[in-house]
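This briefing covers a predicted model.

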Amino acid sequence: MPAPPTPGRNPFDHPIGGTRERALTAMATNLRKIPGTTNVRFESSGTGVDEELVGELDPNIYGDGILGVAAATVTLNWWPQPDSDAYWYRIHYHDSSGFDCGWHRHENDHVDGLDHYQERDLPDEDYVYYPFEPEYTNPIGLVWEIVDGRLSTRLEMRYGEG
């Protein structure tokens with residue numbers, strides 16, 4: 001089993017268990033409560049040692065039905081950092097138009113600080129990055145702040161009328 005991540009290490013090498021498992025389970029419970037979120041499940045993240053939380057967003061319900069796409073998903077992950085109260089996370093949206101965006105906390109060279117928002121219109125485009133400061137610092141608060149708040153607002157701006 002790989003060692004847990006430390007600053008400068010890849011958080012995706014940290015397997016699910018302990019504090020991380022409790023955080024992801026709480027995130028799953030709360031994600032299921034957001035209107036329009038369906039089929040919430042854990043899936044392999046593609047690293048071979050890591051799982052992530054995935055939820056499908058019903059385009060006819062989520063965000064009051066504003067999505068103009070056939071399918072949409074949101075993926076969530078949480079990595080507590082060893083020997084501290086620090087954590088990294090990723091809450092990322094993808095839809096069938098090719099648009100994707102996400103709120104992340106990890107070491108990066110995109111913005112000053114750890115927290116940032118990123119988006120791109122199509123998978124072959126480069127991301128555009130912006131710093132952001134979350135209101136919440138716990139997994140449950142972040143699910144509601146981002147999935148029910150920031151993401152819904154961003155998609156209304158993208159797909160809404162007007």
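In this predicted model, the contact between helices α1 and α3 is formed by Ala23, Ala26, Met27, Asn30 and Leu31 on the α1 side, which meet Pro139, Ile140, Val143, Trp144 and Val147 on the α3 side. Sorted by class, the residues of this contact comprise nine that are nonpolar and one that is polar, with no charged residue taking part.

**Geometry of the helix pair**

- Two packed helices are described by the angle between their axes and by the distance between those axes.
- For α1, which spans residues 18–31, and α3, which spans residues 139–159, the axes come within 8 Å and cross at roughly 40 degrees.
- The crossing of α1 and α3 has a right-handed sense.

**Burial of strand β6**

- Strand β6, made up of residues 115–120, is mostly covered, with six of its six residues buried.
- In a regular strand the side chains alternate between the two faces of the sheet.

**Pairing of β6 with its neighbours**

- Strand β5, residues 100–105, runs antiparallel to β6 and is joined to it by six bridges, with Trp103 standing opposite Tyr117 of β6.
- Strand β7, residues 128–131, is likewise antiparallel to β6, to which four bridges join it, and here Tyr117 stands opposite Tyr130 of β7.

How values were computed
Residues are numbered from 1 along each chain as its sequence is written. This is a predicted model: local features need pLDDT of at least 70, side-chain atom pairs count only at pLDDT 80 or more; totals for chains, interfaces and linings use all residues. Side-chain values use heavy atoms; hydrogens and water are left out. Axes are lines fitted to C-alpha atoms, for helices over the stretch in contact, and angles run from 0 to 180 degrees between N-to-C directions. Helices (H or I, at least four residues) and strands (E, at least two) are DSSP runs, numbered from the N terminus. A crossing is left-handed if the near helix is turned anticlockwise from the far one by less than a right angle, and right-handed if clockwise. Contact means heavy atoms within 4.5 Å. Ala, Val, Leu, Ile, Met, Phe, Trp, Tyr, Cys and Pro count as nonpolar, Asp, Glu, Lys and Arg as charged, and the others, Gly among them, as polar. Buried means under 20% relative accessible area, exposed over 50%, partly exposed in between (1.4 Å probe, protein chains only). Two strands pair if DSSP finds at least two bridges between them.
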